[in-house]
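This briefing concerns one protein chain.

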Amino acid sequence: MMASIGEFDPLNTRVPATKIEVTVSCRSLLDVDTFSKSDPVVVLYVQGVGTKEWREFGRTEVIDNTRNPDFVRKFVLDFFFEEKQNLRFDVYNVDSRSCNISKHDFLGQTFCTLGEIIGSTGGRLERTLSGIPGKKCGVIILAAEELSNCRDIATMQLCANKLDKKDFFGKSDPFLVFYRSNEDGTFTICHKTEVIKNTLNPVWQPFTIPVRALCNGDYDRTVKVDVYDWDRDGSHDFIGEFTTSYRELSRGQNQFNVYEVLNPKKKGKKKKYINSGTVTLLSFKVESEYTFVDFIRGGTQLNFTVAIDFTASNGNPSQPTSLHYMSPYQMNAYAMALKAVGEIIQDYDSDKLFPAYGFGAKLPPDGKISHAFPLNGDSDQPNCVGIEGVLEAYFQSLRTVQLYGPTNFAPVINKVANCAAEITDGSQYFVLLMITDGVISDMVQTKEAVVNAASLPLSIIIVGVGPAEFDAMEELDGDEVRVSSRGRLAERDIVQFVPFRDYIDRSGNQVLSMARLAKDVLAEIPDQLLSFMKSRGIEPRPALSSSPLPNLHRHI
């Protein structure tokens, strides 16, 4: 138990995912029953990452005798922005009492991602059902809403009295460790207070924690709290423990929120043992914070821009050893990184137009070196249509430009930052993906560009491909030390760097390699977007309403 406490890193703990409720309606379903209308049910399947297997997630209720059902039973899904969550909705007409879905009449299906539903106007996606050749199968309407308790943040303060003395020379140095209980009865550490030195009656500072981290939305779930005496060598002494729940804590300061700290070992050994002290809740308040989903539903668009390294160190694109080699059999690392990240972000960008640039090449006709040339050759309109359009423009550029150098990042960063600087009202957030094989030549200018961009609605993802040493890149990724330039610190951490080689699946499964890469590089984007909005005092607009459900044949 003790080892896990020392390893707890509050910055890298995984808070349970936000939960999204998906509501399903259909319109104009096929009529297959001879004497009455269909009795529809919708079955949701989710796809495993890497395996591509579909497994049933759940079913709506059956509604009798209608072609236009509005189902009451909703699907509650965990939402991970950084994952491509593929969904399949199958509609059936229920014919008998059989649970085996294949025994019923198939009425059509649709495929989408959870991101597409959330990213569509007002969180409402309308899709045509298909799957029966030559028949119009009607439409399915999917609406996504975040469960309300996902946005609550609790702030509480605790103190203790008469804790056991554990240190030989002085009193104890107590701290608290909070755990939430999981479905399977195990506990996950979710908060650690500061240590208060040399006292048996500590008063800890108030702390703030997302309610989902404390109880994953289940207010009656056990919250376990351990009390420890801190030791310099890390072998902290266990003083005792108590349990509570979010519901109990939320009642605030009262006689029920004084907890006896019990040490099971002592209790077993000593007849006269009462407790090892008490812990009292001094205050508790809960507030709502805006979430990433709130901003997306309010109409905030993610603008995705790509920049690709065309320096000579990548190797001649016509040679199989080149990082830019276009094999007819598999994608190169540049194409994989681009597709992995782009396919997720595109769900949150309604026009699907992506500016794409190259850097470090000599351009025709005169061999001028450029560090921000449009891959499609059009300086006025560098937009490509869809991720496929970006890939086409990239392959086309490889045939026309000459790989050269040096590896300068600042020009592209500044170009995208200039676009972001024009729209700082929260309606747009920019994500720049830079894919490179080597060490930056203009580190001083790049740091300056990043520090300037940190105050804008912009995040930068850098993916390193190939075998180079990327140590210098870690300087730009402000996780450990915030980036600075000429004595100025970046206002926010906006750069995420990863080497692609860390994510390559050993068995050669490209889908898995891409999913792993996307998961890691995109995980920070929602919080980076929120930190920008918060720093500017921007609140999400009310969810955009799309047109109301068509009231087809409601009088029936």
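Contact here means heavy atoms within 4.5 Å. In this predicted model, Val-463 is in contact with Ala-337, Leu-433, Met-434, Ile-435, Thr-436, Val-498, Phe-500, Leu-517 and Val-521, its neighbours within four places in sequence being left aside.

**Nonpolar cores**
- Val-463 also belongs to the largest nonpolar core, which has 83 residues.
- Together with Val-22, Phe-89, Phe-310 and Leu-522, Val-463 touches the most other members of that core.
- Helix 7 (residues 333-345) supplies the largest share of this core, namely 10 residues.

**Overall build**
- The secondary structure of the protein chain consists of 13 helices and 28 strands.
- Along the principal axes, the C-alpha atoms fill a box of roughly 90 × 75 × 45 Å.
- The protein chain has 556 residues, of which 52% count as buried.
- Among contacts with a separation of 6 or more, 71% are between residues 24 or more positions apart.

**Surface and charge**
- The protein chain exposes about 26,400 Å², and carbon and sulfur atoms supply 51% of this area.
- There are 60 positive and 71 negative side chains, and the centres of the two sets lie 5 Å apart.

**Helix 10 and its cover**
- Helix 10 spans residues 443-453, and its buried residues are Met-443, Thr-446, Glu-448, Ala-449, Val-450, Val-451 and Ala-453.
- The cover over these buried residues includes two other helices, helix 9 (410-422) and helix 11 (471-474).
- Strands also contribute to this cover, including strand 25 (458-464), strand 26 (484-485), strand 27 (488-489) and strand 28 (495-499).

**Cysteines**
- The count of disulfides comes to 0, where a disulfide requires a pair of cysteine sulfur atoms within 2.5 Å.
- Cys-26 is buried, with a relative accessible area of 0%.
- Cys-215 is likewise in no disulfide, and the nearest cysteine sulfur, in Cys-190, is 9.3 Å away.
- Cys-215 counts as buried, at 0% relative accessibility.

Definitions and conventions
Residues numbered from 1 in each chain as written. Predicted model: local features only at pLDDT ≥ 70, side-chain atom pairs only at ≥ 80, totals over all residues. Heavy atoms only, no water. Buried < 20%, exposed > 50% of the residue type's maximum accessible area, 1.4 Å probe, protein only. Helix = DSSP H or I, 4+ residues; strand = E, 2+ residues; numbered from the N terminus. Areas by Shrake-Rupley, 256 points an atom, 1.4 Å probe, with all protein chains shown as cover. Lys, Arg positive; Asp, Glu negative; His and termini not counted. Charge placed at Lys NZ, Arg CZ, Asp CG, Glu CD. Core = buried A, V, L, I, M, F, W, Y, C linked by side-chain atoms within 4.5 Å.
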